[in-house]
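Here is a short tour for anyone opening this structure for the first time. Take a look, then read on.

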Amino acid sequence: MELIEIRESGMLELYAAGELSGREMAVVEEHILKFPVLSEDLVTIGNALESYARLF
Amino acid sequence: LEVKEVINLLQCKNQKGLQHLMDNYSAALNGVIIRIVGSQLVAEEILQNTFLKVWNNIDSYDNTKGTLYTWMHRIARNAALDKARTKGFNMHEKTVGLDDSVYKTGTETDLANMDIQKLLGSLDEKYKIVLDHIYLLGYSQSETAEKLCIPLGTVKTRLRYAVNELKELVKNDKKLFMGLFAVLILLSIALWN
């Protein structure tokens, strides 16, 4: 997948939410190696989800 | 403490790091665990095991793959789901709902969170419900699709939309906080003069 495709696939959000199988996680992790900017995406997504979890 | 410092403490096997995790992350992680296992007693055990795992495996945490919280959340969620499955109960019937009984009391909720909570009202229920099922209730993508009677692809797009909205809320919330802070500083300068 290209950068835009992985960003729009919804897989990063599922990855950060802990809802991907081992195989799917490996796919995301391969893309992180290919496009290091995805680590920054995951920080933003992770922080947003953490703020949400802290509401409850 | 900055997250980086906490990670350093944990890597050096300094108990202060563990204490910091327990003080700062217990409530959020417990909220997720208890919704999956439906029992405070079981949730406490899983929470302790989660911290123990984090303590023992901190060297395998890789910050290119997400935040420390993301990693801890994944450990807690998986442990809770494993426990729910081994107990053989229908976990989604026994989970604690998203009702007020498990919401934090006002004193535990900080000001920033209250602002986000207010703003969250603007997030359409159809997006929020997907986020809640996957992120807080431990449902898989396919379980969420089945429960909400929507296609799997829609689960993905709605989750993504909900997270994007959340990112905006967090960003605006920080701006609001910085704005208030600036006003306070200006006021103090004005008063001082």
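## A loop to start with

Where in chain B does B:Ser140 lie? You'll find B:Ser140 in the loop between helix H7 (125-136) and helix H8 (141-148) of chain B; helices here are DSSP runs of H or I with at least four residues, strands are runs of E with at least two, and both are numbered from the N terminus. The side chain of B:Ser140 makes a polar contact of 3.4 Å with that of B:Ser142. (A polar contact is a pair of N or O atoms within 3.5 Å; within protein, one must be able to donate a hydrogen and the other to accept it, and residues adjacent in sequence count only if both atoms are side-chain atoms.) Leaving aside neighbours within four places in sequence, B:Ser140 is also in contact (heavy atoms within 4.5 Å) with A:Glu19 and B:Ile134.

## What you're looking at

This is a predicted model, where local features need pLDDT of at least 70 and side-chain atom pairs count only at pLDDT 80 or more, while totals for chains, interfaces and linings use all residues. Residues are numbered from 1 along each chain as its sequence is written, chains are lettered from A and ligands numbered from 1 in the order in which they are written, and side-chain values use heavy atoms, with hydrogens and water left out.

Chain B has nine helices and zero strands. Of its 193 residues, 42% are buried, meaning under 20% relative accessible area, with exposed over 50% and partly exposed in between (1.4 Å probe, protein chains only).

## The nonpolar core

The largest nonpolar core has 68 residues, and those touching the most other members are A:Leu49, A:Tyr52, B:Leu21, B:Met72, B:Leu131 and B:Tyr135. Helix H2 (residues 15-37) of chain B gives this core its largest share, 10 residues. Such a core is a set of buried Ala, Val, Leu, Ile, Met, Phe, Trp, Tyr and Cys residues joined through side-chain atoms within 4.5 Å.

Setting aside neighbours within four places in sequence, B:Tyr135 is in contact with residues of both chains, including A:Leu49, A:Tyr52, B:Val32 and B:His73.

## Where the chains meet

Chain B brings 37 residues to the contact and chain A brings 32. Together they bury about 3,300 Å², 64% of it on carbon and sulfur atoms; buried area is the accessible area (1.4 Å probe) that two parts lose on being put together, summed over both. On the chain B side, B:Arg74, B:Tyr135 and B:Arg160 supply 17% of the area buried against chain A, more than any other three residues.

Nine residue pairs are in polar contact across this interface (both at pLDDT 80 or more). Helix H9 of chain B gives the largest share of the side touching chain A, eight residues.

## Salt bridges

How many salt bridges cross the interface of chain B and chain A? There are two, counting a side-chain nitrogen of Lys or Arg within 4 Å of a carboxyl oxygen of Asp or Glu. One joins B:Lys65 to A:Glu29 (3.7 Å, N to O). B:Lys65 also forms a salt bridge with B:Asp62, with closest N and O atoms 3.9 Å apart, and A:Glu29, B:Asp62 and B:Lys65 are linked in a network.

B:Arg160 pairs with A:Glu13, their closest N and O atoms being 3.8 Å apart. B:Arg160 lies in helix H9 of chain B and A:Glu13 in helix H2 (residues 11-16) of chain A, so this pair joins two chains. A:Glu13 is buried at 2% relative accessibility, whereas B:Arg160 is partly exposed at 23%.
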